[in-house]
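Biologist: Could you show me how to read aromatic ring pairs and burial in a model?

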Amino acid sequence: MGLKEFRFDEVTINFDKKRVPLSGAQREKRKGKYCYYGAQGVIDHIDDFIFDGTYLLIAEDGENLKSKKQNIAQIAEGQFWVNNHAHIVQGNEFCDTRYLCYLLNSMDLPTFGRPTIATKGFISLPPLFQSGARSHRSLSQSKILQIQYNRIFGIAQGQAGLRTI
C-alpha cells in the first residue's frame with residue numbers, strides 16, 4: 001500500500017457556520033466565564049458558549065499569517081465561543097485534531113499574496129496515511145504525539161482552554 005495525500009477538507013469536520021462574531025460593545029454587555037476566541041486566541045470572556053469539546057482553531061486572517069510570530073493553529077478545549085476570524089474544525093476518522101494542529105504549525109502555508117486562509121480545500125496535506133482503510137500506524141503515531149504533547153504542556157492545561165503546539 002502506498003501513501004496518499006489528503007486535502008484538508010477530507011480529514012476535517014468544519015464548524016465555521018456555527019461561528020458568531022460579537023462586537024466589543026456586545027461583549028461588554030455579556031461578560032462571563034467563557035472564552036471568546038479570535039484569530040490568535042482568547043480576546044474576551046462572555047456569558048455563553050457555542051462549542052463544547054476539543055477543537056482546532058486556525059487563524060483565518062491577519063498579519064501573523066505572514067510574520068509567523070505566533071502559531072496559526074491552536075487547540076481550544078471545553079466550552080467557548082469563536083468569532084469569524086478563526087476557522088474551527090475537528091479531525092475526522094482519518095486524522096487526530098491535535099496532530100492536525102502540530103502539522104499546520106510545522107508547515108509553510110501559502111497565503112496567496114494576502115494574509116488570509118480559506119479552509120475549503122485550502123491546502124493539500126503531505127502523505128499521512130496508507131491508502132484505503134484507516135492506518136493504525138498513523139493513528140498510533142498521533143496518539144504518541146498527543147501523549148508527548150500532554151507531558152510537555154501539562155502544566156498549562158489549567159489555563160484558559162487554549163493550548164498551542
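Predicted model: local features only at pLDDT ≥ 70, side-chain atom pairs only at ≥ 80, totals over all residues.

Biologist: How many aromatic pairs does a search of the whole structure find?

Modeller: A pair of aromatic rings is described by the distance of the centres and the angle of the planes. Rings of Phe, Tyr and Trp (its six-membered ring) pair if their centres lie within 6.5 Å, and planes under 30 degrees apart count as stacked, over 60 as edge-to-face and the rest as tilted. The search finds seven such pairs. Tyr37 and Phe80 have ring centres 5.3 Å apart and planes at 80°, so they are edge-to-face. This pair joins distant parts of the chain, with Tyr37 in strand β3 (residues 31-38) and Phe80 in strand β6 (residues 73-82), 43 residues apart; strands are DSSP runs (E, at least two residues) and helices likewise (H or I, at least four), numbered from the N terminus.

Biologist: Which residues do ring pairs link into a cluster?

Modeller: The cluster consists of Phe15, Tyr37, Phe51, Tyr55 and Phe80. Both Tyr37 and Phe80 are buried, where buried means under 20% relative accessible area, exposed over 50% and partly exposed in between (1.4 Å probe, protein chains only).

Biologist: How many residues of helix α3 are buried?

Modeller: Seven of the ten residues of α3 (residues 97-106) are buried, so this helix is largely enclosed by the rest of the structure; among them are Leu100, Cys101 and Leu103.

Definitions and conventions. Residues numbered from 1 in each chain as written. Heavy atoms only, no water.
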